[in-house]
Amino acid sequence: KEEIQIPASPAERRFKGNELIVKDVGFMQAAYVLDVSELRLVAMAILVLRQDSDRAEFDPTVPVTIHANMYADLFGTTRQNAYNMLEQAAKGLENRKIHWVDTYEDKKRNKKAARYNNLDWTSQCSYVPSMGIVQLCFTPQIIPFLIHVDSTFAGYEIRNLVKLTSPYEFRLYELGVAWKKTGTATFKKETLRHRLGIMSDD
C-alpha cells in the first residue's frame, strides 16, 4: 500500500489528480442539488478526509480544512478567485440537503418498508479569509457513505471533474460511475429528473 505524505499545512497540500473520490453507490444515486463550487468543495473535502492519517476514527467534530491554493492549483484559477469560490460554497452547503431513500426494518414484526430521509451535508461550515481557508464537518449520518470502502462503493479520479462546468454534468458523470458499478439502471424519467434536481419543465 502506497504511503501518503501529508503536508505540514493546508497551504502546501496539492492533489496529483489521480486521487480517488469514493462514495457508496446508493449515495451517488441519491437526490441532491449542489452548484459547481459546492460539488468541487465536497469532492476535495472527501479526499482530505480520507487522506488525513489522524482521522482513524473519522471524528465528525474535527473539521476538514481546504486551502484556496489547493482549489486554484487543481481547477486552474487564481488564489483569490479560488477562495471566493470556496467561501460561497461553504456558505451554500450550510443549507443543502440530501434526499436519501433506504430501508426501515421492523425486526419484531419481520417487516421492511422504504424510509425517506432528508440529511444535512454538513454540521459546520467555516471560513478564514485572512488565511484563505474554509473548514467543514460532514454530518455523522453521511460519513459512512464516504469512507467505508467495500463492494458497495465506486470511485473516480478527481481530475475527471476539472472539465465539468455545470452541476448536471457532475451529477450525470457520477450517476454513470454508479451505474457502471451496478451494471444497468432502469427507472422513470421523473426519477432521473429528481436525482438531478430538475423539479419542473420550466
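Start with the three strands S2, S4 and S5 of this predicted model, which form an open sheet in the order S2-S4-S5 with antiparallel pairing. When you colour them separately, you will find strand S2 (31-32) and strand S5 (111-120) at the edges, each with a single partner strand, so one side of each has no neighbour in the sheet. Next, select strand S4, residues 97-106, together with S5, and follow the ten bridges over which the two strands pair in the antiparallel sense.

Not counting residues up to four places away in sequence, Ile98 touches Phe27, Ala30, Ala31, Tyr32, Asn117, Asn118, Leu119, Trp121 and Ile142.

Now move to another sheet, made of strands S3, S7 and S6. This sheet is also open, with three strands in the order S3-S7-S6 and antiparallel pairing. Strand S3 (64-67) and strand S6 (122-128) stand at its edges with a single partner strand each, so one side of each is left without a neighbour in the sheet. If you look along the sheet, you can follow how neighbouring strands are turned against each other, by 20 degrees on average when direction is ignored.

Select strand S7, residues 133-138, and examine its two pairings in turn. With S6, which runs antiparallel to S7, there are six bridges, and Thr122 stands opposite Phe138 in S7. With S3, the antiparallel pairing extends over four bridges, and here His67 is the residue opposite Ile133 in S7.

Which residues of S3 point one way, and which the other way? Select the side chains of the strand and turn the view: Val64 and Ile66 point one way, Thr65 and His67 point the other way, and all of them are buried.

Show helix H4, residues 79-93, beside H2, and you will see that the two helices pack at an angle of about 90 degrees, with their axes 8 Å apart. This angle makes H2 roughly perpendicular to H4. To see where they meet, select Ser37, Glu38, Leu41 and Val42 in H2, and then Met85, Leu86, Ala89, Ala90, Gly92 and Leu93 in H4. Sorted by class, this contact between H2 and H4 has seven nonpolar, two polar and one charged residues.

Continue to helix H3, residues 68-75, which is mostly covered, with seven of its eight residues buried. These buried residues are Ala68, Asn69, Met70, Tyr71, Ala72, Leu74 and Phe75, and they pack against H2, S3 and H4. After H3 comes Gly76, a residue with a positive phi near 65 degrees.

Finish with the largest nonpolar core, which has 55 residues. Select Leu41, Ile66, Ile98, Trp121, Phe138 and Ile142, the members that touch the most other members of this core.

How values were computed. Residues are numbered from 1 along each chain as its sequence is written. This is a predicted model: local features need pLDDT of at least 70, side-chain atom pairs count only at pLDDT 80 or more; totals for chains, interfaces and linings use all residues. Side-chain values use heavy atoms; hydrogens and water are left out. A nonpolar core is a set of buried Ala, Val, Leu, Ile, Met, Phe, Trp, Tyr and Cys residues joined through side-chain atoms within 4.5 Å. Buried means under 20% relative accessible area, exposed over 50%, partly exposed in between (1.4 Å probe, protein chains only). Contact means heavy atoms within 4.5 Å. Two strands pair if DSSP finds at least two bridges between them. Axes are lines fitted to C-alpha atoms, for helices over the stretch in contact, and angles run from 0 to 180 degrees between N-to-C directions. Angles under 35 degrees count as roughly parallel, over 145 as roughly antiparallel, 65 to 115 as roughly perpendicular and the rest as oblique. Ala, Val, Leu, Ile, Met, Phe, Trp, Tyr, Cys and Pro count as nonpolar, Asp, Glu, Lys and Arg as charged, and the others, Gly among them, as polar.
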